Amino acid sequence: MKGLKIGELTAPIPVIQGGMGVGVSLERLAGAVAREGGIGVISTAQIGFREDGYDRNPLKTNLAAIGKVVGLARKTAAGGVIGANIMVATQEYGEYVKAAVEAGVDLIISGAGLPVDLPRYVEGSRVKIAPIVSSRKAADVILKLWDRKYRRVPDLVVIEGPEAGGHLGFSREELERGNFQEYEQEIGQILGKVGEYAEKYQKEIPVVVGGGVFDRGDMERVMRLGVNGVQVATRFVTTEECDAAEEYKQAYIRCKKEDIVIVDSPVGMPGRAIRNRFLEEVGRFPGRFRAERCRRCIAGCDPGRVVYCISRALIAAVKGDVEEGLVFCGGKAYQAERIEGVREVMREFELWGDL
């Protein structure tokens, strides 16, 4: 089996562990995936929430925590590839990217918006950069802009389909009717667009696809499309090494297909989450969950106007309060049946070609 090669970086198993925030993929999970031959990805979303100074100065604490978490992941990774997922929608986005570069990550993956200025923030470093796109149009925009403004192309392109979790690059209507089979044509068009720029720059630009990749069968289906690897997130939540609380993992194991719903994020992006008391009460009592203070998470958020504070909701859930918090998930979270080890999951994906 060919590994996933991104410039001089190589992951023996072509699996990127998707970045999951707040606090779901930190040093334990990312380090374990990297150690087992994949690419482990740390989410920088409110990454400092466990630190003492977080309530007083979230931004300063988050930026400092990036170096700490990356360092801890490196100790576990045994030389494996460590990346960071940084949302474009993050307040002070450029500062987060610079902190990740300084911390020594190998790769930065960036979505929840188009990372138009990502090349500027990594200039002079060896850090690889990858935009997340969900449509041919988005891929065309970012490739054309980076070409014109920075005379460069991505080192990797991540395609996230409609079955992914967290904040998504689709409308609610697209998510409710979308499935992987319908999305295959879009993937083909994105591959064609990336191929044009790879030829222009005489450079390999690997493409990976995420969203709905839960097991080896899903990986086989995706790889047949001609991509170079897959991004997997939901499957890693129910691992021993996942950084979320045990209650968070059990919420995945308990959930049924009908428990997974499309939600409206207070910052204007739809997402996918597990139905719980929090989601029911947000609709009935819209003022109850307003932010008591701004945690400086998402650009454009007005704490006085949003229905709920998404940072507060995500932090509550990852700490274990899965009824009073927001539990983001992928479309196949209901398939989780037990807690397993990262090594077991990675061995399954390593054998995809034997199907």
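Predicted model: local features only at pLDDT ≥ 70, side-chain atom pairs only at ≥ 80, totals over all residues.
**Stop 1: a charged patch**

Select Glu246, Glu247, Glu280, Asp321 and Glu323. Together they form a negative surface patch. Glu247 sits in helix H10, which spans residues 246–254. Is Glu247 buried, partly exposed or exposed? Its relative accessibility is 41%, so Glu247 counts as partly exposed. The band for that label lies between the buried limit, under 20%, and the exposed limit, over 50%.

**Stop 2: an aromatic pair**

How many aromatic pairs does a search of the whole structure find? The search returns four. For one of them, select Phe278 and Tyr308. Their ring centres are 5.2 Å apart and the planes meet at 90°, so this pair is edge-to-face. The angle cut-off for that class is over 60 degrees. Colour by secondary structure next. Phe278 belongs to helix H11 (residues 277–284). Tyr308 falls in the loop between H11 and helix H12 (310–318). The two residues are 30 apart in the chain, and the pair links distant parts of it. Phe278 and Tyr308 are both buried.

**Stop 3: a cysteine in a loop**

Select Cys242. Its loop runs between helix H9 (234–237) and H10. Cys242 has 1% relative accessibility and therefore counts as buried.

Conventions
Residues numbered from 1 in each chain as written. Heavy atoms only, no water. Patch = residues over 30% accessible without salt bridge, like charges linked within 9 Å, V, L, I, M, F, W, Y side chains within 5 Å. Areas by Shrake-Rupley, 256 points an atom, 1.4 Å probe, with all protein chains shown as cover. Salt bridge = Lys/Arg side-chain N within 4 Å of Asp/Glu carboxyl O. Lys, Arg positive; Asp, Glu negative; His and termini not counted. Charge placed at Lys NZ, Arg CZ, Asp CG, Glu CD. Helix = DSSP H or I, 4+ residues; strand = E, 2+ residues; numbered from the N terminus. Buried < 20%, exposed > 50% of the residue type's maximum accessible area, 1.4 Å probe, protein only. Phe/Tyr/Trp six-rings, centres within 6.5 Å; stacked < 30°, edge-to-face > 60°.
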